[in-house]
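Welcome to this guided tour. Please open your viewer and keep the selection tool at hand.

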Amino acid sequence: MAEPLRVGLAGLGTVGSAVVHLLDEGRDKLIARCGRPIEVVALTARSRGKKRDFDVKRFRWFGDPVALARDSAIDVLVEVIGGAGDPAKRAVETALAAGKPVVTANKALLARHGQKLARLAERNGVALNFEASVAGGIPIVKTLREGLNGASFTRVYGILNGTCNYILTRMEQDRLAFADCLREAQRLGYAEADPTFDIEGHDTAQKLSILASLAFGTKIDPDAVYVEGIASITPADLAAANELGYRIKLLGVAVKTPQGIEQRVHPTMVRKDSAIAQVMGVTNAVTIDAEGLAPITLVGPGAGGTATASAIVADLADIARGVHTPPFGRPAASMTAIRKAPMQHHEGGYYIRLLARDRPGTAATIARRLAQQKISLESIVQRHDAGSPGAAQPGRSGEPVPVILITYATSEDAVHKALAAVRRDRVVSGRPQVIRIEKN
Ligand SMILES: NC(=O)c1ccc[n+]([C@@H]2O[C@H](COP(=O)([O-])OP(=O)(O)OC[C@H]3O[C@@H](n4cnc5c(N)ncnc54)[C@H](OP(=O)(O)O)[C@@H]3O)[C@@H](O)[C@H]2O)c1
């Protein structure tokens, strides 16, 4: 039998410890598939004395991830420490510079430094594999990079954050408020103690920036992503969406437009009968649109130790077999700077929920302001729904009444201008709720 692939494992948390178990349990299967064993030989983490769910003494211990990365006893570094900075960054750079392939689950590192790391990997003729960094156990990186090599991608979009999808699912199914669902997600371990990064959409933005680069051959640029989180979504929005034939999901969308690549993360209305709308709870999904191909949707676990470790082991299996592609599916030097499509040019349908003052002339004023921006309405619903926040009782003149408008395709700019004018006219109370509708 050929020599084993000797793995240095940096990070022994949720993902790192699952990698140890999966390699142990899958040893024979991996030998059959790769023609050689894949073995962890050395480890590092912050604390040597911490209680782990495997016997640390089976492996060589390193106090420093960078020393592990350069050690001649390992053939490949698995980086599952996390974070865009050191020691993860320096450990990965050190391994690549020493001619050792790297497998990482670290989306933050890739979103910030993916381009430079890919160049370093190519210069040294080694792999940099990162399947686990986006949508955990779903093989989306390989699908975009290798499985669809012949395709011209037009749009990639998905549910890339399980915490947000869990919260929106619970809000929809049980008409619960956002804050209650967030607390529940934290109790169940689906949300971090500080959930800001997830619920404000930044986690999805980092993952989307990686997918956009794979699909469109552009340099990764997480700062070019327009981001809105889910905290403003109410049970009333979810109920209204349901009645109108939609669900609300936090989507990351990267789409090719005549103005450039639009990358955006925001709550989105998707048709209830679409594949992506069926994805509930912590599950993730990605839909790929390409010229001449019917849409492809991959659905699966987006996080969790075993799911994420499964992607890492698959990346290790490629290295064990000697399979080697450029990290982003093309030479890093050929990746172009992203031409960012300005968000105000975004075109699509919109859901708008207004609290209209119940007095003569309000409807005519709103209609006039929309018409001035050439916005046509597909539907208009006036809700005397006492259960909605801010809703009025019918017949109590002067109280605001929720009005829901669904527009035909228009531009972001037109919607903003129309709503600014409506607010200046003082025919609505508070800020209108605006949710973009994604065609699917
Ligand atoms: N968890 C998931 O479901 C998931 C899914 C997809 C991707 N990821 C990515 O996978 C990576 C790891 O996530 P995780 O959930 O496994 O994290 P985690 O449970 O917090 O584990 C992090 C590990 O890194 C070690 N570490 C932290 N700082 C270190 C340092 N300065 N030097 C050496 N070791 C250090 C910790 O050591 P101690 O154990 O001694 O504290 C711990 O073992 C992250 O990039 C994350 O984004 C995670």
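**Before you start**

This is a predicted model, in which local features need pLDDT of at least 70 and side-chain atom pairs count only at pLDDT 80 or more, while totals for chains, interfaces and linings use all residues. Residues are numbered from 1 along each chain as its sequence is written, and side-chain values use heavy atoms, with hydrogens and water left out.

**Stop 1: helix 4**

Select residues 88-97, which form helix 4. Helices here are DSSP runs of H or I with at least four residues, strands are E runs of at least two, and both are numbered from the N terminus. Buried means under 20% relative accessible area, exposed means over 50%, and partly exposed lies in between (1.4 Å probe, protein chains only).

Now colour the buried ones: Ala88, Lys89, Ala91, Val92, Thr94, Ala95 and Leu96. They pack against helix 3 (65-70), strand 4 (76-79), strand 5 (102-104) and helix 5. Click on Lys89, which is buried at a relative accessible area of 17%. Leaving out residues up to four places away in sequence, Lys89 touches Ala84, Leu109 and His113; contact means heavy atoms within 4.5 Å. After helix 4 comes Gly99, with a positive phi near 80 degrees.

**Stop 2: helix 5 and helix 10**

Next, select residues 107-123 (helix 5) and residues 202-216 (helix 10). At what angle do helix 5 and helix 10 pack? The angle is about 55 degrees, and the axes are 9 Å apart. Axes are lines fitted to C-alpha atoms, for helices over the stretch in contact, and angles run from 0 to 180 degrees between N-to-C directions. Helix 5 is therefore oblique to helix 10: angles under 35 degrees count as roughly parallel, over 145 as roughly antiparallel, 65 to 115 as roughly perpendicular and the rest as oblique.

Show side chains where the two helices meet: Lys107, Ala108, Leu110 and Ala111 in helix 5 touch Asp203, Gln206, Lys207, Ser209 and Ile210 in helix 10.

**Stop 3: the nonpolar cores**

Helix 10 leads us to the next stop. The largest nonpolar core has 78 residues, and those with the most contacts inside it are Leu77, Ile140, Ile167, Leu211 and Met269. Helix 10 gives the largest share of this core, 8 residues. A nonpolar core is a set of buried Ala, Val, Leu, Ile, Met, Phe, Trp, Tyr and Cys residues joined through side-chain atoms within 4.5 Å. Another core, of 34 residues, lies apart from it and includes Leu9, Ala127, Ala132 and Val313.

Zoom in on Ile167: beyond four places in sequence, Ile167 touches Phe178, Cys181, Leu182, Ala185, Ile199 and Ile230.

**Stop 4: Ile248**

Select Ile248 in strand 9 (residues 246-257). Is Ile248 buried or exposed? With 1% relative accessibility, Ile248 counts as buried. Its contacts, neighbours within four places in sequence aside, include Leu168, Ile233, Pro267, Met269 and Ile435.

**Stop 5: helix 13 and helix 14**

Finish with residues 362-372 (helix 13) and residues 412-424 (helix 14), whose axes come within 8 Å and cross at roughly 150 degrees. That makes helix 13 roughly antiparallel to helix 14. Ile366, Arg369 and Leu370 in helix 13 meet Ala418, Ala421 and Val422 in helix 14.
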